[in-house]
Amino acid sequence: MQLERSVVDAVAAGFAIGEPGDVVLAARGWVSLNLVWRFSTGLGMWAVKEVARESRSELEAAAEIEAAAALVGVPAPRMIRTTAGAVTLEVAGRVFRCHEFVDGRAPVPGASRHDAASAGGALGLLHSAALPWDPVLRSQTVFGESHWLGLIDRGARGGAAWVDALRRALPGILAAESAASEWRDRAHRWIGSHRDVRPDNTMRVGDTLLLVDWDGAGPVVRGREVVGALEWWRPHDDAFLSAYVDVAGEVDLEEGRGEDGGLVWWLETNVEHALALPHDEERDWAVSTLAGSFARRR
C-alpha cells in the first residue's frame, strides 16, 4: 500500500515537516480504519496518521486534551500542528494528523508489570490534572430502536453479511442503551482524559512508556476509566492500580462499575463504516464480532 505522491507532498507542506523522502506504512488501526505512515524528511522522521473514525471537530477538541496532558508531563509523542495552527489537515477529502516519529514498540503481546505500572502512573498523572473537555466529545450512547432498524434495513438492501448478526443483537443493544442512559444520569464528576489506555495504545521507549493514539480523548469518570483499563492490563492490573493510586490517590472503583455505553457507540461507528464500504471483509467481520457481544443480553 502506498500514499499518492501528490498527497505526500501536500501533507508534508501542510505540517511543514520538510521535503519528503521515503514514506512507508508503519501501522494499521482496527480493521484499517486508521493508517499510520512514516515520513522521512530532511528535518526528521514523522508519524502521519490518516484518520477515518472521528470528525475533524472531534479530533481538534480531543487534541486540546492531548496538548494539556503534555504540559503536565504525561509522556506522549510530540504533536505537530499545521502551518495554520490546526491539528488536522484535509487533503483530497482525507484527514491527517502528525506527530514526531518515536522509535519504540507497543508491549503487545506480553506487557510486563513495569509496563502496567508505567501506564497506571501516566493515567494517574492525567487524572490528577482534572483537565476540562469540549462538550462535542461526549459520545452518544443511546441511538434508539428506530436508528438500529434503519441501519439493519440499509445493510439488508446492500446485501451486507452482518445483517443477521445485528438483528439478533438488537434486544441486547437496546438493553445496553437503557443501562448506559441510567448510569450516565447519575451524578458523576467528568474530566478530560485519554479514554483508551490499553497496552496497544502505549509505546515502550527504553524505560519510558508513552501514551499514544489520543484521537478518542474526551470526558471520563475516573472510576470508570480505571475499571476499564484494569481489564486490559491483566494479569498485572494490581501493579497498574497501585501505581495509579500512588500518583492520583484513592479512586472509587464502584462508580466505574456499570454500563457506560462505550461498546454501543463503537458498534454503531463500525456499522456506519461498514455501510460506507460494502462487502469489505474486515469491516463485515468487525460488525459481526461486536454484535455477537450483545447477542446474549436481554
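1. R157 is exposed, at a relative accessible area of 63%. This value, like the others here, comes from a predicted model. R157 forms a salt bridge with D153, with the closest N and O atoms 3.0 Å apart. D153 is partly exposed, at 41% relative accessible area. Both residues sit in helix α4 (residues 145–157). They are 4 residues apart, about one turn of the helix.

2. A second salt bridge to look at joins the side chains of D238 and R113, at 3.1 Å from N to O. D238 belongs to helix α7 and R113 to helix α3, so this pair ties together parts 125 residues apart in sequence. D238 is partly exposed, with a relative accessible area of 43%. R113 is also partly exposed, with 42%.

3. E50 and R94 pair through their side chains in a salt bridge of 2.8 Å, N to O. E50 is in strand β3 (residues 44–51) and R94 in strand β6 (residues 94–100). The two residues are 44 residues apart, and the pair links distant parts of the chain. Is E50 buried or exposed? E50 counts as buried because its relative accessibility is 14%, and the cut-off for buried is under 20%. R94 is partly exposed, at 23%.

4. The count of salt bridges comes to 20. Some are linked: K49, E66, R97, D213 and D215 make up a network of salt bridges.

5. Now the nonpolar interior. In soluble globular proteins, nonpolar side chains tend to be buried together. Here the largest nonpolar core has 28 residues. Those with the most contacts inside this core are L123, L126, V197, W214, V226, W233 and F240. At least two core residues each come from α2 (56–71), α3 (113–128), β9 (208–211), α6 (222–232) and α7 (237–248). Helix α3 gives the largest share, 5 residues.

6. V197 deserves a look of its own. Which residues does V197 contact, leaving aside neighbours within four places in sequence? They are A119, L123, L211, E225, A229, W233 and F240. A second, separate core has 26 residues, including V31, I173, V264 and L290.

7. Last, R204, which is in strand β8 (residues 202–205). Its side chain makes a polar contact of 2.3 Å with the side chain of D115. G104 is 100 residues away from R204 along the chain, yet their C-alpha atoms are separated by 5.4 Å. Not counting residues up to four places away in sequence, R204 touches G104, R105, P107, G110, S112, D115 and L209.

Key. Residues are numbered from 1 along each chain as its sequence is written. This is a predicted model: local features need pLDDT of at least 70, side-chain atom pairs count only at pLDDT 80 or more; totals for chains, interfaces and linings use all residues. Side-chain values use heavy atoms; hydrogens and water are left out. Contact means heavy atoms within 4.5 Å. A polar contact is a pair of N or O atoms within 3.5 Å; within protein, one must be able to donate a hydrogen and the other to accept it, and residues adjacent in sequence count only if both atoms are side-chain atoms. A nonpolar core is a set of buried Ala, Val, Leu, Ile, Met, Phe, Trp, Tyr and Cys residues joined through side-chain atoms within 4.5 Å. Buried means under 20% relative accessible area, exposed over 50%, partly exposed in between (1.4 Å probe, protein chains only). A salt bridge is a side-chain nitrogen of Lys or Arg within 4 Å of a carboxyl oxygen of Asp or Glu.
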